[in-house]
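Please read them with the structure open.

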Amino acid sequence: MITKHIEGTVFDIQHYSIHDGPGVRTTVFLKGCPLSCLWCQNPESQNSYPEMMFQNEKCSNCMTCVSACPNSAIYISSDHIKTNRDLCENCGLCTKVCPKEARFMVGKSAAVSEIIDEVVRDRLFYEGTGGGMTISGGEALYQSDYAAELLKSAKDNLIHTAIETSGFATKDQFEKVVKYSDLVLYDIKHMDSSEHERLTGVGNKPILENIIWLSENTSISFVIRFPVIKGLNDTLENAEAMCLFLKEKVSRCSRVDLLPYHNLGVPKCSSLERETIFEGERPEDTQLEGIKARFEAYGFICNIC
């Protein structure tokens with residue numbers, strides 16, 4: 001049974017957001033994601049546990065963190081401090097002694113009541129703009145019990161609820177969360193399952209099945225979102241396949257938002273001391289307009305966001 005005392009791992013709460021649903025919103029970012037998209041803008045959200053991040057440009061090489069680490073995971077290499085992530089247990093001791101705050105933890109355990117108390121404080125902005133609370137990530141469905149209770153508690157407080165999701169989850173996880181959602185912002189990244197797996201680490205079968213179920217079996221509002229990544233999924237053939245799928249299988253779909261790539265995840269990969277897998281650039285306006293025109297030709301409202 002879901003309880004309001006359930007805890008989950010949150011890595012950010014963004015107030016006064018205007019891009020994660022209607023009106024002014026409070027967006028709660030949960031850690032953990034089953035996908036590993038090459039272009040991920042929040043790589044710090046992929047793992048479900050709190051993690052240490054390191055901003056080398058702030059480091060003074062004082063060596064305090066080296067002596068503080070109980071696992072000898074921090075060392076000097078070519079005059080720079082580095083971390084052996086295989087040895088690091090994300091205990092956070094190094095972050096507590098760093099005088100320059102070059103090291104910090106991302107992600108913390110929080111009870112539902114703690115998060116909702118913070119969300120409710122923004123109620124005035126919701127009432128004046130038609131806003132509310134959005135659950136994002138990571139993947140909103142990954143911590144399904146926690147996400148469901150956050151959404152239920154928000155609705156109990158008469159706050160509009162939304163989720164941002166890839167749709168990659170079991171049917172039980174999906175239903176558990178969306179039943180407390182007033183709006184679902186639903187990403188579809190590629191229509192070819194093998195290409196989807198190459199780009200994200202997973203196939204698209206449950207993603208397509210869940211959006212069909214949502215359209216056919218509920219009256220919950222949803223918007224399809226298409227992250228457009230230059231050179232990876234920005235072909236007109238992929239857009240055409242998505243148009244056909246939505247027209248034939250997702251009867252209630254009326255709107256598609258195009259989300260052009262941006263590289264906000266690149267410096268975060270550096271702070272996690274991970275190799276940047278993909279560093280692309282925004283698609284040309286002509287390419288975006290061509291994709292937009294293709295969706296509009298099928299009768300969809302299409303926005304470039």
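**Notes on the predicted model**

1. Surface first. The accessible surface of the chain comes to about 14,300 Å², and carbon and sulfur atoms account for 50% of it. Accessible areas come from the Shrake-Rupley method with a 1.4 Å probe; for residues, only the protein chains shown count as cover.

2. Ground rules. This is a predicted model, in which local features need pLDDT of at least 70 and side-chain atom pairs count only at pLDDT 80 or more, while totals for chains, interfaces and linings use all residues. Residues are numbered from 1 along each chain as its sequence is written, and side-chain values use heavy atoms, with hydrogens and water left out.

3. Overall build. The chain has eleven helices and 13 strands. These are DSSP runs numbered from the N terminus: helices are H or I of at least four residues, strands are E of at least two. The C-alpha atoms fill a box of roughly 60 × 45 × 35 Å along the principal axes.

4. Burial and contacts. Of the 305 residues in the chain, 49% are buried. Buried means under 20% relative accessible area, exposed over 50%, and partly exposed in between (1.4 Å probe, protein chains only). Take the contacts between residues at least 6 apart in sequence: 71% join residues at least 24 apart. Contact means heavy atoms within 4.5 Å.

5. Aromatic pairs. How many aromatic pairs does the structure hold? There are seven. In the pair of tyrosine 16 and phenylalanine 125, the ring centres are 4.9 Å apart and the planes stand at 70 degrees, so the pair is edge-to-face. The two residues sit 109 residues apart, tyrosine 16 in strand β1 (residues 7-17) and phenylalanine 125 in helix α4 (residues 123-129). Rings of Phe, Tyr and Trp (its six-membered ring) pair if their centres lie within 6.5 Å; planes under 30 degrees apart count as stacked, over 60 as edge-to-face and the rest as tilted. Phenylalanine 125 has 37% relative accessibility, so this residue counts as partly exposed. Elsewhere, ring pairs link Phe174, Tyr186 and Trp213 into a cluster.

6. Tyrosine 142. This residue is found in the loop between β8 (132-136) and α5 (144-156). Tyrosine 142 counts as partly exposed because its relative accessibility is 40%. Leaving aside neighbours within four places in sequence, tyrosine 142 is in contact with Lys31, Gly32, Cys33, Pro34 and Ser48. Serine 67 is 75 residues from tyrosine 142 in sequence and 36 Å away in space, C-alpha to C-alpha.
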